Amino acid sequence: MKRDSGRRRVFRIPFSRRGLDRDVDAELRFHLEGRIEELMAMGMSRDEASVEARQRFGDLDSHRRELRAIDEEMQKMRQRLEFTDTVGRELKYAVRTLGRSRTFAAMAFVTLALGLGAAMAIFTILDAVVLRPLPYAHGDRLVALSSPVPGIKAAPVWGLARHEMYYFKRESHTLEDLGIYRTELATLTGDGGATQPERAPAAYVSASLFGVLGIVPERGRLLNPDDNLRATDTLDAALMSHGLWERRYAGDTTIVGKRIDLDGYPVTVVGVLPPSAQLPDYKVDLWLPLDMNPASPARSNHIFSVIGRMRRGVDIANAQRELTALTARFPTAFPNVYTPKMMEGTGFTTLVKSLRDDVVGSLVTKSIWILFAAVIVVLLIAAANVANLFLVRVETRRLEAAVRSAIGASRGALAVHSLAESLVLTGMAALGAIGVAWAGLHFLVALAPSDLPRLDEVHLGWTGFAFTIVCALVAGITLGLLPSLRGQVDLAMLREGGRGSTGAPRRLATRNILVTSQMALALILLTAAGLLVRSLRNLRGVHPGFDPTNVMTMSLSLPNGRYRSPQIANAFFEQLAARVRALPGVLSVGFGGALPLESSELCTGAVVDVPGPSGERSDCVQMMQVTPGYFETLRIPLRGHAPDWPENDRGGASAVVSEAFANRFWPNEDAINRGVKCCNGMPPFYRISGVTGPVRTHGLDRSPGQVVYFPMIPFARNPGIEGLPLFMRLVVRTAAGMSNSVLPAIRRAVNEIDPQVPISDIAPMEQLLAQSLARRSFTMMLLAAAAALALVLSAVGIYGVISYVVAQRRSEIGIRMALGARAEDVRGMVVRQSLVLAGIGVLIGLACALATTRVLGALLFGVSPNDPLVLICATLLLVILATVASYAPAVRASRVDPVEALRG
């Protein structure tokens, strides 16, 4: 008896601490009694044996604690083993069960994998572009400064000028340091073993920028303030990116100190940067010193990007308040640039924004969040569809559940089994989703607009995997708990042999709610996609102000080491224009500093000869040097005339202005023969010889820009145009189908005149026009894809519900037909039931769409967020879909044989 007690303690699994203590005490008593019996057999009395046994046994409490610790460890180990065995057993059984229901498993797997994969792909983009911090030390303290001018609709945001950086560095207490830069393209010629010149993206920077971004050199040194001072006279130092160092110079370890040929000038390489060192918004190969002299007078050239580092403990709101106050003092600090009238009229101020938000942009951020919301809606629709499948499966397995319950399975055991099945299914779907997301990301990245920020950082990573696992777990647990929410197992089915398992109204109501929810969510997505489609259609209907058909464009950059005057540069372009114009198939040729639609937000001022002490300075206009043929080639309407080559060669005093510029300064007068001059110059002015039609210089969704087109050679008596026309965009209009065929001849012509002039950025004008809509097209395409997927899933959902209802009402339909109901009556009854569900879903969806589509406001053009046409079309589409999806079950119902149905 006592030995049996010891064996029970050894082999049983204790389940509570009280039971464990009881077992330990029993074991100690067992050993103690055994020793007492041995001593009594040796002739001792029981009392003597008891005392002797306790003395030999030692500290009883110590033994009790030691045994309890051992038993607790054994208990944990056995519980782990039991849990592992239970999980393994349930998972194996779940796999076998799903294997016997392949159709159900396949449909649920595909639906969930698509939903999870789409969500994972967009979440990966959201994480890389919007959520992930920039790769700089203490990136949360980095801010970008800009100059909003809401009063100027054509260019509502300017960059900063040099004098602003000096001013803020001197006066600010919230900013630790500031760095300034401007990006351009430079030309590398004839060095590094390369025989062809190369256009390399370059940044002209202040030396302080490296400290602000925390950049250290891999080789050599960084640029210093002395390099910035010397750059006002000559450019003699350059930093090289790691990529350029390896690509063009084969990782030459002696590159530091060597000279490279940059724009025709020898420039010394002072250092090489590590691979991770880059600007936040533009990848550059060369870092060059910006000409900076704190003693230079202030100028209205707001063309620079500025990055600041806030002091520790300072937030953006504090920095914003301080810089707003400092900016208000500009008319006093810089009276030659800022006047109270200008500040008030334009709303000029200084904006402090998180660098990450500035790089990504509010429109991009909003677009990606909207896409993420769309795929979450798709995922919900997919989950609702799978939930419907699970509910059908529960109905078909009610008899099995009743049998299990009758032979002793608890409600918890049934729930664990259901949970195992759903987790196995969602786990497999999560694996499939990884494949869907991998393929989807490759597709999306290939289609994404090239100017989408941080696109090169989009890769599948642990955050995407974690997001998918969490979603799959939530879906798996929710689906697995569905049978438990249906109430007690109906044991009465066993007495009825399962024939009484009709679908209760409550059970059908759950499925109806899921279907109406799907319809409502699908309507929201359809409405959003429809609004973006209409916006894009409206944008494509906007006339850009020029004719892009059969126009080829490319960039040419002259090395300024050999082209040191406007006359020399002009001679090159005139000679090249003559050669290209003589090519077969070429209709006209022109050069311009930029093309329509690719004009930047940067601006500088112009002076016009309106009444006043010294004319009126415009707040911000785009100024561009063009050659004869530019307007003709782009077919920009022109009233008056543009300077021709002879006048251009003489340094003519004529300029052309845009209609928006003319209307602003001479709203009720003719601008022709009035005067205009660049920047801060004084009279005499360029005489306005022509006015162009409205050209969308900043984008199809922006108002026509204010532009002044100056000739290539500055007016001899007033060389106010700054900078040489070295980088120009060549536009060539050809006969239909001849655009590509003239390219080799153009290359030969350029090479014959100067082989050190590189050609880059070759593209048809129509392609550039399409690229200007790329972001909107990309967002619209993804939203339309999400809406299409939601539509398909909704159709599947309503088809499943109506099919289920038909199967459940088979006997009723048989009775109706036996009593004389016609086939068309039965079909109509089934379709009406589908339309009722669709109608409820549509009504809910319309209310939600009216409340939510306002978030699309910034992405819309020429269409209201509550556009009635879009809402009506989306509603009709869903109603038609519901009708089509229910028609097949309706036909099946109308073919029910009354006799067979009644036999049941």
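The following is a conversation about how some descriptions of this predicted model are reached.

Trainee: What overall picture does the protein give in terms of helices, strands and buried residues?

Mentor: The protein has 30 helices and 25 strands, and 50% of its 904 residues count as buried. It exposes about 41300 Å², of which carbon and sulfur atoms supply 59%. Among the contacts with a separation of 6 or more, 82% are accounted for by residues 24 or more positions apart.

Trainee: What confidence does the predictor give, and where is the pLDDT below 50?

Mentor: The average pLDDT is 83, and 89% of the residues score at least 70. Over residues 1-7, however, the pLDDT is below 50, and this stretch has 5 contacts in the model beyond near neighbours in sequence. Residues 498-503 also stay under 50, with 10 contacts beyond four places in sequence. Where pLDDT is low, the predicted coordinates should not be read in detail.

Trainee: Why is the pair of Phe123 and Phe467 called stacked?

Mentor: A pair of aromatic rings is described by the distance of the centres and the angle of the planes. The count comes to 26 aromatic pairs in this protein. For Phe123 and Phe467 the centres are 4.3 Å apart, which is to be set against a limit of 6.5 Å for pairing. Their planes stand at 5°, and planes under 30 degrees apart count as stacked, so the pair is stacked. The pair also links distant parts of the chain, since Phe123 is in helix 5 (residues 102-131) and Phe467 in helix 17, 344 residues apart.

Trainee: How do you know whether Phe123 and Phe467 are buried or exposed?

Mentor: The cut-off for buried is under 20% relative accessible area. Phe123 has 14% relative accessibility and therefore counts as buried, and Phe467, at 16%, counts as buried too.

Trainee: What makes the pair of Phe573 and Phe591 stacked or tilted?

Mentor: The centres of these rings lie 4.8 Å apart and their planes are at 50°; stacked requires under 30 degrees and edge-to-face over 60, so the pair of Phe573 and Phe591 is tilted. Phe573 lies in helix 20 (residues 566-581) and Phe591 in strand 14 (residues 586-592), so the pair ties together parts that are 18 residues apart in sequence. Both Phe573 and Phe591 are buried.

Trainee: Why is Arg132 said to form a salt bridge with Asp127?

Mentor: Side chains of opposite charge can pair when their charged atoms come close. The closest N and O atoms of Arg132 and Asp127 are 3.0 Å apart, and the cut-off is within 4 Å, so the pair qualifies as a salt bridge.

Trainee: What makes Glu669 exposed or buried, and with which residue does Glu669 form a salt bridge?

Mentor: Exposed means over 50%, and Glu669 has 52% relative accessibility, so Glu669 counts as exposed. Its salt bridge is with Arg674, the closest N and O atoms being 2.8 Å apart. By the rule applied here the count comes to 27 salt bridges, and elsewhere Glu198, Arg247, Arg248 and Asp285 are linked in a network of them.

Trainee: Why is Ile469 part of a nonpolar surface patch?

Mentor: A patch residue needs over 30% relative accessible area, and Ile469, in helix 17 (residues 462-481), is partly exposed at 48%. Together with Trp462, Phe465, Leu473, Ile477 and Leu481, Ile469 makes a nonpolar surface patch of about 610 Å².

Notes: Residues are numbered from 1 along each chain as its sequence is written. This is a predicted model: local features need pLDDT of at least 70, side-chain atom pairs count only at pLDDT 80 or more; totals for chains, interfaces and linings use all residues. Side-chain values use heavy atoms; hydrogens and water are left out. Patches are made of residues with over 30% relative accessible area and no salt bridge: like charges are joined within 9 Å, nonpolar side chains (Val, Leu, Ile, Met, Phe, Trp, Tyr) within 5 Å. Accessible areas come from the Shrake-Rupley method with a 1.4 Å probe; for residues, only the protein chains shown count as cover. A salt bridge is a side-chain nitrogen of Lys or Arg within 4 Å of a carboxyl oxygen of Asp or Glu. Helices (H or I, at least four residues) and strands (E, at least two) are DSSP runs, numbered from the N terminus. Buried means under 20% relative accessible area, exposed over 50%, partly exposed in between (1.4 Å probe, protein chains only). Rings of Phe, Tyr and Trp (its six-membered ring) pair if their centres lie within 6.5 Å; planes under 30 degrees apart count as stacked, over 60 as edge-to-face and the rest as tilted. pLDDT is the predictor's confidence in each residue, from 0 to 100. Contact means heavy atoms within 4.5 Å.
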